[in-house]
Structures are given as C-alpha cells and as structure tokens.
Amino acid sequence: MKTIKLYGHLGKQFGKIHKYEINTPHEAIRLLAANYKGFENAILSFTGAGYRVIVGKEDSDLESLHINTGAEVIKIVPIISGEGGGLGTVLLGAALMIAVPWAMGSLVTSGFLGSGVAAG
C-alpha cells in the first residue's frame, strides 16, 4: 500500500492523502486521473512552473515515473512560477500526462505535444 500525497491546488481539489496498491508514480497519476473527474485537466491547465514528483526522498524525472519503487510515499507537488532554484527536477503537466498512455489522444488534439516537456 502506497500513500500518494497531493499538494497545492491538487490537494485542495482532490484531497491531500490517497492510499492505493500501486508500484510506480505512473500508476499513481493514471489512477488519480481515472478516479477523479477533472484531475487531468487540473494538471494540464496549471499555470505554474510545473510539478515535482518525489518518491520517498528522491525527485523523479520523466523516465523514472515508470520504475517500480519500494518507497511508501509518492508526493506530487505543484511548483509556483518564480520559485527559487534548487527545486530538483521539475516536470511540466503535459509531461506527467504523457507518462499516462491513454491521455495521448487528448494531448495531441489539444496541442500539448510539441516543445520540450521537462525542465531540469
């Protein structure tokens, strides 16, 4: 059982703590998008700098979202535009949703695919 902690606007809108039998951050994002109407749109329409996905105490990059983790806690943290440096890996909302294969169709039609999707 993993604990998913949502911060900022996501925590306010969808609840701060969720517990599910999952193995990867990718599964956490996919599960939240499937179970909470508006979750995908909230990720994609966020106007901040992006998100940090923290697994245990380590930042995740786009490639590691699919890695099975033994960590008990996955945190999804919105980053406000203009926050200072040293934030670790910041993923754009489109990058998080690209990690979810079934969202690809909506990203193509909405124009979110194209320029870079992750900043480091």
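Reader: Which residues form one aromatic cluster?
Author: Phe-14, Tyr-36 and Phe-39 do. Rings of Phe, Tyr and Trp (its six-membered ring) pair if their centres lie within 6.5 Å; planes under 30 degrees apart count as stacked, over 60 as edge-to-face and the rest as tilted. Bear in mind that this is a predicted model: local features need pLDDT of at least 70, side-chain atom pairs count only at pLDDT 80 or more, while totals for chains, interfaces and linings use all residues. Residues are numbered from 1 along each chain as its sequence is written, and side-chain values use heavy atoms, with hydrogens and water left out.

Reader: OK, and how many aromatic pairs are there in the whole structure?
Author: The search finds three. Phe-14 and Tyr-36 make an edge-to-face pair, 6.0 Å centre to centre with 65° between the planes. That pair links distant parts of the chain: Phe-14 is in helix α1 (residues 8-14), and Tyr-36 is in the loop between α2 (25-35) and α3 (39-45), 22 residues apart. Helices (H or I, at least four residues) and strands (E, at least two) are DSSP runs, numbered from the N terminus.

Reader: What about Phe-14 and Phe-39, how are their rings arranged?
Author: Their centres are 5.3 Å apart and the planes sit at 70°, so this pair is edge-to-face. It also links distant parts of the chain, with Phe-14 in α1 and Phe-39 in α3, 25 residues apart.

Reader: Switching to the core. Which residues touch the most other members of the largest one?
Author: Leu-6, Leu-10, Phe-39, Ile-76 and Leu-96, out of 26 residues. A nonpolar core here is a set of buried Ala, Val, Leu, Ile, Met, Phe, Trp, Tyr and Cys residues joined through side-chain atoms within 4.5 Å.

Reader: Which element gives the most to this core?
Author: α2, with five residues. The elements giving two or more include β1 (2-6), β3 (50-55), β5 (73-79) and α4 (93-98).

Reader: And what does Leu-10 touch?
Author: Leaving out residues up to four places away in sequence, Leu-10 touches Gly-15, Phe-39, Ala-42, Ile-43, Tyr-51 and Ile-76. Contact means heavy atoms within 4.5 Å.

Reader: Now the strands. Why call β1 largely enclosed by the rest of the structure?
Author: Because four of its five residues are buried. β1 pairs with strand β2 (residues 17-20) in the antiparallel sense over four bridges, and with β5 in the parallel sense over four bridges. Two strands pair if DSSP finds at least two bridges between them.

Reader: Which residues face each other there?
Author: Lys-2 has Tyr-20 in β2 as its bridge partner, and Thr-3 stands opposite Val-73 in β5.

Reader: How many salt bridges turn up?
Author: One. Arg-52 bridges to Asp-59, with the closest N and O atoms 2.7 Å apart. A salt bridge is a side-chain nitrogen of Lys or Arg within 4 Å of a carboxyl oxygen of Asp or Glu.

Technical notes: Buried means under 20% relative accessible area, exposed over 50%, partly exposed in between (1.4 Å probe, protein chains only).
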